[in-house]
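Please look at the sequence and the model shown below before reading on.

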Amino acid sequence: MLWSCVSDIDRETLIYDNNFETVDLTKIEGGIVTSYLGQNILGTYNNGGFKLTLEGLGTHDYVQIQVLLYVHDSWDGNAESPDGTDYWGVMLDSSEVDVFKTSFSNSPCYNNYCLMQSYPERHPFLTFPRTGASAVDLPAFCKSDGTTSAYEIELIFPHRKGQVEIVFWDELNQPNTSDAQCDESWSLNNIQVKLLSI
Ligand SMILES: [Ca+2]
Ligand SMILES: [Ca+2]
Ligand SMILES: [Ca+2]
């Protein structure tokens, strides 16, 4: 959901703000912190992820999630098996309904060869690699010929409960390598969560 879809926001309350520089992983299950570009990042993950649980929420109508996502190395977007599809997503309260599932591609794109991605839309939308990125061609995390793309992602979900579980996950496909985590992975540089009321 985009900002334009939510009218008349009366109040917004920041309830979580973490850039991982102090390695504070309370409220996070499955958190690992590593260094990238001289900053702390949460990750890297390949066929994994983590859960952020926030309790004691006041009255609200929406949850807004903002992250800086790093897509590291050779993601293949909506490529067919065995290279893809390379999915990434956010899920609220283990719900099949409140889920954002997309794909990313760090592939080169030529007239006769281009592995498309879904972001900034949901899978199975098709658009060009790195669409919507805030930075491209950042250093690889692992792969000698890899790169990293950065995405400033903002998601808004309808939500009214007193507790929220936010799961960040991936499903990456790359069986034809001895080190899948080096071939493609992701991390977050920061997370902010806000409650919105109308
Ligand atoms: Ca790959
Ligand atoms: Ca892949
Ligand atoms: Ca950071």
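## Salt bridges

A search of the whole structure finds 6 salt bridges, a salt bridge being a side-chain nitrogen of Lys or Arg within 4 Å of a carboxyl oxygen of Asp or Glu. The structure is a predicted model, in which local features need pLDDT of at least 70 and side-chain atom pairs count only at pLDDT 80 or more, while totals for chains, interfaces and linings use all residues. Residues are numbered from 1 along each chain as its sequence is written, chains are lettered from A and ligands numbered from 1 in the order in which they are written, and side-chain values use heavy atoms, with hydrogens and water left out.

One of the salt bridges joins E12 and K194, whose closest N and O atoms are 3.2 Å apart. E12 lies in strand 1 (residues 11–18) and K194 in strand 14 (residues 184–197), so this pair ties together parts that are 182 residues apart in sequence. Strands (E, at least two residues) and helices (H or I, at least four) are DSSP runs, numbered from the N terminus. E12 is partly exposed, with a relative accessible area of 43%, whereas K194 is buried at 16%. Here buried means under 20% relative accessible area, exposed over 50%, and partly exposed in between (1.4 Å probe, protein chains only).

## Further charged pairs

K161 and D93 also meet in a salt bridge, at 3.4 Å from N to O. This pair links distant parts of the chain, 68 residues apart: K161 is in the loop between strand 12 and strand 13 (164–171), and D93 is in the loop between strand 7 and strand 8.

Another salt bridge, at 3.1 Å from N to O, is formed by the side chains of D183 and K143. D183 belongs to helix 1 (residues 180–183) and K143 to the loop between strand 11 and strand 12, so the pair ties together parts that are 40 residues apart in sequence. D183 is buried, with a relative accessible area of 8%, and K143 is partly exposed at 24%.

## A buried aspartate

D86 is placed in the loop between strand 6 (62–73) and strand 7 (87–92). D86 is buried yet has no salt bridge, and the nearest side chain of opposite charge, K143, is 11 Å away.

The side chain of D86 reaches the backbone nitrogen of D76 at 2.6 Å. Not counting residues up to four places away in sequence, D86 touches several residues, including W75, F104 and E184; contact means heavy atoms within 4.5 Å.

An open sheet is formed by 5 strands in the order 2-5-13-7-8, with antiparallel pairing. Its edge strands are strand 2 (28–29) and strand 8 (99–103), each of which pairs on one side only. Two strands pair if DSSP finds at least two bridges between them. Strand 2 is joined to strand 5 (residues 49–54) by 2 bridges, and I28 has L52 in strand 5 as its bridge partner.

## The calcium ion

N19 (O), E21 (OE), N40 (O), N189 (O) and N189 (OD1) coordinate the calcium ion (ligand 3) at 2.2 to 2.6 Å. Donors are N, O and S atoms within 2.8 Å of the metal (3.2 Å for Na, K and Ca); water is not among the atoms, so sites may look incomplete. N19 is partly exposed at 40% relative accessibility, and E21 is partly exposed at 36%.

Note on methods. Lys and Arg count as positive and Asp and Glu as negative; His and the chain ends are not counted. A polar contact is a pair of N or O atoms within 3.5 Å; within protein, one must be able to donate a hydrogen and the other to accept it, and residues adjacent in sequence count only if both atoms are side-chain atoms.
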